[in-house]
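I opened the model to look up a few helices, strands and single residues. My notes follow in the order I made them.

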Amino acid sequence: MSQRAKKFWLVWDRLGTLFILFVVVLVFGILNPRIVQPSQLLTALTRSAVSGIAAAGMMYAICAGGFDLSVGSILSLTSCIIAVQLTSGRGTVVAVLAALAAAAVCGFVNGLLITKLKIQAFVATLATQLAFAGIALVYCSKAIQLTSKYNSQLKFLSTGTLFGFIPMPIVMLIAVYVISYIVYSKTPFGTRVRAIGSNEAAVRTTGIKVDRIMIEVFIVTAVTAALAGVLNTAQVSIGNPTLGEGFELDAITAVVLGGTSLSGGRGNVAGTLIGAIMVTFVKMGLNILGVGEAYQKMAIAIVLIFALTINGIKLIMQKEEK
Amino acid sequence: MSRRTGKNKPHIEFGDHGILYALIIFWVLLALTNENFRGVPFYQNILTRASLNAICGIGMTFAICSGDFDLSVASQVALNSVILTLLLPQLGIVPSIIFVLLVGTLLGSFNGFLIAKLRIPSFIATLGMQMAYRALAQMVNNTPVVVSDKLFKQIATYKILGLIPTAFLIMAILAVIGNIILRRTQLGRHTLAIGNSRSAAAISGISIAKTQILIYLMVGLFTACSSIMIVSYLGSSNYGMQTGLEFTVISSVVLGGTALSGGKGSIFNTIVAAVFLVTIRSAMDSFGVNSYWQKVIEGIILVIAFSITGVRALLRDFMVKRKARKELALQKAAA
Amino acid sequence: MKKVLSILLTAVLIFSLAACGGSNSSSSSAGPTSNQSSTEAAGNAAPEGYVIGASFYDLSNEYFQYMMEGVQNEAEAQGVTLKTHDQKNDENELVTGCQNLIDSGVDALIVSPCKPEVMGNIVESAHEKNIPVIILDIGDGGSDKDVIVVSDMYGGGQIAGKYCLDLLKENGVEGTEYAIIKCEESAVYAIQRGQGFENIMSGSGYTKVSELTANSDTTQAYSAMQDILASNPDIVAVFAENDNMALGASSAIDEAGKTGEILVFGFDGNESAVEAIKDGTLAGTIAQQPTEIGVLGIKLAIQRINGEELSYDNAGTKEIYAAVYLIDNTGERNDSYTAG
């Protein structure tokens with residue numbers, strides 16, 4: 001591979017996803033200028049907070065070489081816990097903390113299954129996806145509407161603003177990603193996660209407690225999913241045991257689009273954020289264009305495949321030079 | 001063979017039919033405790049139903065043996081089925097079936113192309129195609145289609161001599177074919193080799209790309225067979241059908257002992273595992289287990305079953321460590 | 001050996017859970033399992049000795065929970081043994097579960113099918129053994145069932161439309177734009193609800209400016225509503241084809257500060273929807289009568305087992321209509337609106 005190509009791929013690694021986002025925004029802007037109005041772009045940003053927050057945590061799981069298919073069920077469970085607690089008279093803070101605590105337990109369970117029982121992440125979280133969904137249903141069999149009596153404080157997370165103009169969801173999103181960036185690049189935890197993802201066996205020989213870190217990773221994933229659930233519940237004002245169905249796909253898509261390698265070891269914090277924004281933006285744009293159900297699905301699939309094809313070309317070119 | 005060529009020997013314990021014994025014991029236990037499990041029709045239903053998934057599982061076993069999987073099979077079934085039900089009244093049974101098999105092969109090959117040539121990781125490639133094929137199915141026909149051809153519907157429901165379900169028989173034949181491919185052809189050997197160690201396989205001259213395309217082609221083909229059986233069983237098609245099928249099939253394969261990391265696998269065990277999973281559902285229904293708890297239980301059962309290898313590994317670890325400690329103690333005593 | 005152990009563990013798990021009374025969720029006392037016989041009503045109802053199998057679309061859904069309650073209560077009252085089954089919204093479960101019920105020798109089969117198009121096979125199989133098939137709601141998929149009790153989806157949408165027009169007039173609203181939020185296309189029966197609403201609204205000079213699908217998902221409906229508002233800020237009404245979506249949409253409208261300015265209507269009559277109505281964020285919903293439909297199901301089943309001819313509302317299609325009714329903005333039932 002020529003020097004110029006090498007440079008190109010280096011730049012692409014850092015900015016590729018951003019470039020694709022620009023292209024996407026451009027295309028939609030041409031199709032319907034209303035989509036790229038500032039207020040609309042702000043809406044897209046706000047709307048991407050839910051999947052974005054969960055994707056931030058999911059990145060760690062994928063970086064460590066696994067993934068978490070149960071985040072959708074965790075989100076549903078979170079929503080149910082908040083609704084039940086609020087309508088039983090508990091305060092908002094208590095409800096949210098209870099939900100986050102429950103999610104941490106779920107993450108802990110996931111981690112245990114994967115490290116102590118040595119079940120592969122894919123099948124372990126497949127199983128817990130079922131189990132947690134069932135628990136959500138047992139806990140709360142019908143949807144619970146959070147009327148104005150209960151949701152006034154919670155609503156702030158969805159409609160409130162910081163400094164008078166930054167929507168809270170974006171604040172949450174940025175906060176999560178800033179923390180994630182610091183953790184990923186500046187803390188031993190981040191380094192170790194990456195190391196485990198690259199070569200778990202080697203890390204084990206150094207005496208680092210790999211199992212403990214993996215459990216922590218899955219707790220992180222679960223708690224971010226719960227945070228996303230808190231925001232989601234605030235937005236729709238309803239506790240619903242099926243709220244998170246299919247959600248794991250959104251989170252994983254965002255992470256992968258962002259450039260995090262599925263084989264582990266290389267995460268991309270900023271890329272994950274951009275990936276989440278891109279998916280949300282495409283869906284929003286298609287809605288505004290009035291595109292039908294089938295074509296929306298096809299569009300997302302094409303975006304995904306397109307982004308990965310480029311990645312694939314890069315791999316091929318890198319392989320060739322070897 | 002392996003000594004001559006130096007290729008990796010697929011280390012499947014051919015005597016490892018633990019899950020078959022487990023299934024039989026399970027059935028006996030259920031028969032003793034639940035009247036449903038004492039009637040022949042009940043078992044016929046279980047076998048028929050399991051066969052539908054198991055056929056797809058044959059192909060999926062190949063994919064997982066090579067260290068990859070295919071998340072798009074549910075959508076492939078949807079697309080195949082919609083096309084099939086539209087063609088049946090026009091072309092008749094045999095031409096329609098042939099056409100659908102071709103379509104399935106095409107879909108599988110396309111997946112293989114993405115994964116082998118464009119180097120897209122199988123998880124994401126098939127995740128994306130899952131959406132695409134589903135969308136295609138919806139574009140082809142967005143309303144349910146009912147099959148009126150009685151003969152076609154017999155394919156999955158007829159019982160030979162009133163006893164053996166045709167679906168089971170067809171599945172068994174396909175399983176034998178699949179097994180022959182896995183154990184006795186070059187494709188099968190290469191599949192297992194790639195699963196064992198991709199770099200080692202590449203070094204020994206195996207064309208990974210070609211093998212992968214063939215693997216996914218087979219997944220597509222067997223999935224198409226599965227689609228035909230499913231349409232016969234349901235008597236209809238609907239673009240939204242069979243969601244979640246990929247997870248049932250993958251669960252069957254993994255439950256059957258084929259490791260997700262690849263390198264070893266058994267089609268026979270996949271089939272038995274598929275039957276086992278259907279048995280669990282039927283058992284829970286027969287015992288009137290609350291539907292919410294059914295989800296929880298299924299999750300727990302999957303965990304228990306999947307953790308067997310892990311528990312084995314833990315035990316092995318423990319035994320090895322114990323042995324090492326003993327030897328160390330002996331050495332110290334001798335010194 | 002290890003696998004055998006795990007299987008035994010599994011079996012023990014299932015048995016213990018079943019033993020601990022893990023019966024199907026419902027407040028009704030008749031616990032439906034294949035081992036138990038139903039608890040008799042206080043000796044008055046003549047024990048029929050009949051066994052009826054009932055299979056439901058998805059028991060994690062409020063609507064079908066009510067339907068099962070109706071079935072269970074009536075079965076208990078009539079002294080029939082009931083075997084229930086949950087399809088969990090899976091067409092394979094539908095076929096297998098019904099086939100199992102047929103094979104276990106039920107005298108009648110009641111089904112509320114998640115995918116009506118597969119009923120053809122099931123009905124044929126049941127009729128081979130002279131088992132009558134009563135379909136409750138959703139659809140019959142063109143099968144040769146004995147009877148179907150069907151809620152008027154289209155009419156329900158029309159009722160919502162008529163009520164909407166009245167409310168708009170009452171509030172002196174001048175705008176004429178409205179939107180519809182739809183279920184996924186494969187829900188062919190729910191789609192009729194929106195068509196009914198459109199029939200009335202567009203028939204009165206209103207314009208449908210947007211029709212988006214939210215796949216029956218609350219969050220998608222929330223987003224869809226925001227997108228609809230972005231391009232059509234002047235709409236005056238929104239109809240969502242089920243309550244889950246309606247509540248997501250109403251939340252979006254609430255956040256935009258337009259509660260009351262834009263009327264939101266749902267369909268299903270869920271508890272959560274009624275709460276929202278009382279809270280002022282939802283203008284109305286159309287309720288079906290799942291419990292009554294369930295009760296009717298048992299009655300019809302018993303009639304057919306006894307060999308009686310049924311009296312249909314539409315003999316040609318063997319339909320019996322179950323009324324749907326409006327829950328208006330007071331949160332109470334309002335029978336002054338009818339379909340048509």
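I call a residue buried when its relative accessible area is under 20%. The model is predicted, and I read everything below with that in mind.

Entry 1, a helix of chain A. I took helix α9 (residues 168-186) of chain A and checked its length. At 1.5 Å a residue, its 19 residues should span 27 Å, and the end C-alpha atoms are 26 Å apart, which agrees. I then listed the buried residues of α9(A): Met168(A), Pro169(A), Ile170(A), Val171(A), Met172(A), Leu173(A), Val176(A), Tyr177(A), Ser180(A) and Tyr184(A).

I counted ten helices and 13 strands in chain C. Of its 340 residues, 61% count as buried. For contacts in chain C with a separation of 6 or more, I found that 73% come from residues 24 or more positions apart.

In what order do the six strands of the open sheet lie? I read β2-β1-β3-β4-β5-β11 in chain C, with parallel pairing. β2 (81-86) and β11 (319-322) of chain C each have a single partner strand and stand at the edges, so one side of each is left without a neighbour in the sheet. The twist from one strand to the next averages 20°. Looking at one pair, I found strand β1 (residues 51-56) of chain C joined to β2(C) by six bridges, running parallel. Within that pair, Val51(C) has Thr81(C) of β2(C) as its bridge partner. I also noted that α4(C) packs on the sheet, where it touches β3 (108-111) and β4 (133-136) of chain C. The direction of α4(C) makes about 150° with that of β4(C).

I looked at helix α3 (residues 91-103) and helix α4 (residues 119-128) of chain C, whose axes come within 10 Å and cross at roughly 5°. That angle makes α3(C) roughly parallel to α4(C). On the α3(C) side the contact is made by Leu94(C), Val95(C), Cys98(C), Gln99(C) and Ile102(C), and on the α4(C) side by Met119(C), Ile122(C), Ser125(C) and Ala126(C). Sorted by class, the residues in this contact of α3(C) with α4(C) are seven nonpolar, two polar and no charged.

Which residues of β8 (residues 237-240) point which way? Ala237(C) and Phe239(C) point one way, Val238(C) and Ala240(C) the other, and all are buried. In a regular strand the side chains alternate between the two faces of the sheet. I found β8(C) paired with strand β6 (residues 177-182) of chain C in the parallel sense over four bridges, with Ala240(C) as the bridge partner of Ile181(C). Three bridges join β8(C) to strand β9 (residues 263-268) of chain C, also running parallel, and Val238(C) stands opposite Val264(C) there.

Gln44(B) sits in helix α3 (residues 40-65) of chain B. Its relative accessible area is 8%, so I put Gln44(B) down as buried. Beyond its neighbours within four places in sequence, Gln44(B) is in contact with Lys159(B), Gly162(B), Leu163(B) and Pro165(B).

Gln130(B) lies in helix α6 (residues 122-140) of chain B. Its relative accessible area is 13%, so Gln130(B) is buried. Not counting residues up to four places away in sequence, Gln130(B) touches Leu249(A), Leu71(B), Ser72(B), Ser75(B) and Glu246(B). I also noted Val73(B), which is 57 residues from Gln130(B) in sequence and 7.4 Å from it in space, C-alpha to C-alpha.

Note on methods
Residues numbered from 1 in each chain as written. Chains lettered and ligands numbered in written order. Predicted model: local features only at pLDDT ≥ 70, side-chain atom pairs only at ≥ 80, totals over all residues. Heavy atoms only, no water. Axes fitted to C-alpha atoms, helices over the stretch in contact; angles between N-to-C directions. Helix = DSSP H or I, 4+ residues; strand = E, 2+ residues; numbered from the N terminus. Parallel < 35°, antiparallel > 145°, perpendicular 65-115°, else oblique. Contact = heavy atoms within 4.5 Å. Nonpolar A, V, L, I, M, F, W, Y, C, P; charged D, E, K, R; others polar. Expected span 1.5 Å × (residues − 1). Buried < 20%, exposed > 50% of the residue type's maximum accessible area, 1.4 Å probe, protein only. Pairing = 2+ DSSP bridges.
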